[in-house]
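Let's take a walk through this model and stop at a few local details along the way. Have the viewer open and follow along.

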Amino acid sequence: MVSKMQAFYLEERPLSDLVYQLQDAFSKPPVITRTCVKVMNQIIYNLNNLSIKHKNHMETKVEEKVLTNILIILLKGVEDTTDAYLKSYLYIFMIELRKFSSNFGIMTINSLSKEIDCKLCYKHPFLKNLALRALFLNLPDKMLYDFEKFLKQSLINETLADNSVVLCSEYFKNQQISRNVFHNICDYHSSFFCKMSINKHSVLLELKKSVEKKQYSVVFECLNKSHDEVVQLEACKALIQIEQEQSAPYVDKAVQLLRVFLKDANEIKIFAAINVLNRLSVVFTKNVARANREIEDLVHSSNKSISMLSILTLLKTGNEDSVRKLALKLEPYLTTMSQHYKIMAIETMEKLSKNKFEEYFLFLERCLTDKKGSLDEKICFKRFLVKKMGVILDKIQNNKNNKSLYIRIVDFLAGYLEDPEFYQLSMEILGILGRHLNQQKELLYVYNRLILDNHHVRNSALQTLFDLDGKFNTVQTLSQLSFNLNADESNFVKFLIANKTLSNVKKFDFEELGDLKENVCNLLGNDGEEVFAKNNETNLFELEKKIEQGKTCRPVLLTSESSDFSISLVKIIDVSEEPKLNFVFSIKSNVKKVVLQKGVLKIVDSSGKEWNLEVSGEGDFSISNINIKEGEVFNGVFDYQISLEEDADDVEQDKIELNAFDVTVLDFTMPVTHVDEKNKNENEFGDKLEFKVKGTKEEILSRLIQKTNLFTITDNNKFTMTGDYFNEIVVINGELTLYKKHVNVSLEIKTTNEKLLEKIMQIF
């Protein structure tokens, strides 16, 4: 009997544990290729996550020692394995690992130099190509010439010249010494647009660099002129990574190309096209909707991945009427979908449901009662579903038209408490019932938790009964009943009875603990954030939490182009409780061969309060948890000492006056992907303004997004920005009209608060 292959899920795990697994996978015979590949996938996934968190100032950088340990294991694996697939995967892994450190050159040179001439690489040219890429990626710049012999050998060999020569020569091109090696290697790059024979990998490399350097001409030329299918797909994919105001004029062209791929017989091309369309549909919904006919034809595809992505894309580009039909088709795929796609599906259905939540709730109910899936994933995802039911209740509790649905959801959640599958779900549901339970008969489900469940749930049940005391006098009832409570729980009951007048509306803030906060957080093992019993739960709600609690604004340049240093500011706003700001200043040199020895960045607000940041080199520097008011204006100066790279003793001192910057009401307005229709009522206030600005339409839109930092959807010359200012809606509809000497900007601003509207109008 053939055993069924187990599903493999990428998840966040401690990097140290994965390094041990990697060591075991390669050291314990026999070496199983699948096991090694699984561990390497997990490591790259976690390294990417840690890198993203580091950029968002949520995590420290991965230690160089950990990366070195990983590389040592990889190099040993490369030498020992004779499996072509595993060897190729190891090369690819080393190429990816280079993103996280540039200090691997000396360690890799000896091993990879031998690999390039090994029998396996001679037998499989693609392996030699990968080995060359891995080698040249890790070579120090000063050693490029020492290894040009490998490139010349590849140039002569017709089977290798197809891609390795062009890829490796890219590093010489960066050094501006290509003519010394290949004389006319630049022709490999320029000839593509002249319709000459060209290696596609060179163009793909150019596309990647174009996005990284934010010089998008190559991307746009590829969209308009390329006839190579791979290049076309990569150019369309690049639009996802580009600022939307820059990519907007080319999205229609990309959708036109992708529609052709959707009709192709090759499933790989179809999957690539629908994947790109799915990601483009987040911002360019109307543009992608033009491909709905082709996408609908793929819903019944025999390939589950294609079918699933087609349904998810149609959910975003569809309308209210399509929710039920698509929900039924999507349901069978939920158990095999990754967490990212599950969240995407639920969020999109919630958006489309607007005020009609019946079908959406039925979908959540079916998903919650489904018992398929891995243990860790089920806990996280089902908790997410329960929270979404709570969101529905919050939205419809005052709507008479949805009264029957409201009662139905509360009944379902109360009944689900009797068999919740996981106790964490019981805790989540009890929190919701504390706000929404209105029928006294359903209190029985809460009281049962004090008898039937563990101490985690019992504590939650006690809190729920305290929350419901205003409706049912439940705290007094507790003192009259006899439950099998431990000493701590009995004391908790006595505390509740003695403090019935305490507010149960405001969310608990760890700052209220004062001097006790540090000790309490140490006992909890966190920094005052929510913790769960399982340490290995994946952070399914990170994105949702990030949207709810704050936002990261676009960088603002504070210096002129002629300054010695470029200093930009990123404002990170946290509105989880009281509004707080974090300022992140990025300092980069504009002068070659000049080193920043040290400096002091001084920031002063309008009241004279001063912040000083000492810097010892280029990089990012932050001021955290700033309590300031809207409308505050800041000025600053950067005093610094510099020297030449070759003469660190010869130091010069200078300073740069920073451009003034402010904090506006729009900084505290959170971007939201859609506006709740229930708030669009007669209380809506609006105003219009029109002005002229010099520049291109893309530049003007970029400035507007930089000023608002709201969620923006563009459609040709029109755009819509949406946000939420402490439960007050903000919608900005705009249109850009290009004239010979200027761009005419028309804005229509709508809010649900008249004073808020006045503040926003003053910004523009």
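We start in a loop: Asn-709 sits between helix H33 (697-708) and strand E12 (711-715). Keep in mind that this is a predicted model, so every angle and distance below is read from predicted coordinates. What makes Asn-709 worth a stop is its positive phi of about 55°, although it is not a glycine. For background, most residues other than glycine have a negative phi, and most peptide bonds are trans. Is Asn-709 buried or exposed? Its relative accessibility is 9%, and the cut-off for buried is under 20%, so Asn-709 counts as buried.

Going from Pro-29 to Pro-30, the bond is cis, with omega near -10°. Pro-30 belongs to the loop between helix H1 (15-27) and helix H2 (33-55).

Now for the rings. A pair of aromatic rings is described by the distance of the centres and the angle of the planes. The model has 14 aromatic pairs. Take Phe-220 and Tyr-250: their ring centres are 3.8 Å apart and their planes are at 5°, so this pair is stacked. It also ties together distant parts of the chain, with Phe-220 in helix H13 (residues 217-225) and Tyr-250 in helix H15 (residues 244-262), 30 residues apart. Phe-220 counts as buried, at 11% relative accessibility, whereas Tyr-250, at 23%, counts as partly exposed.

Phe-638 and Tyr-640 make a stacked pair too, at 5.3 Å centre to centre with 25° between the planes. Here Phe-638 is buried, with a relative accessible area of 0%, and Tyr-640 is buried as well, at 2%. Elsewhere, Phe-583, Phe-585, Trp-611, Phe-634 and Phe-661 come together as one aromatic cluster.

Last stop, a helix pair. Two packed helices are described by the angle between their axes and the distance between the axes. Helix H26 (residues 443-452) and helix H27 (residues 455-467) have axes that come within 8 Å and cross at roughly 140°. Roughly antiparallel would take an angle over 145 degrees, so H26 and H27 are oblique to each other. H26 passes H27 in a left-handed crossing. On the H26 side, the contact is made by Leu-443, Val-446, Tyr-447, Arg-449 and Leu-450, and H27 brings Val-457, Arg-458, Ala-461, Leu-462, Thr-464 and Leu-465.

Technical notes:
Residues numbered from 1 in each chain as written. Predicted model: local features only at pLDDT ≥ 70, side-chain atom pairs only at ≥ 80, totals over all residues. Heavy atoms only, no water. Phe/Tyr/Trp six-rings, centres within 6.5 Å; stacked < 30°, edge-to-face > 60°. Helix = DSSP H or I, 4+ residues; strand = E, 2+ residues; numbered from the N terminus. Buried < 20%, exposed > 50% of the residue type's maximum accessible area, 1.4 Å probe, protein only. Axes fitted to C-alpha atoms, helices over the stretch in contact; angles between N-to-C directions. Parallel < 35°, antiparallel > 145°, perpendicular 65-115°, else oblique. Left-handed = near helix turned anticlockwise from the far one by under 90°. Contact = heavy atoms within 4.5 Å.
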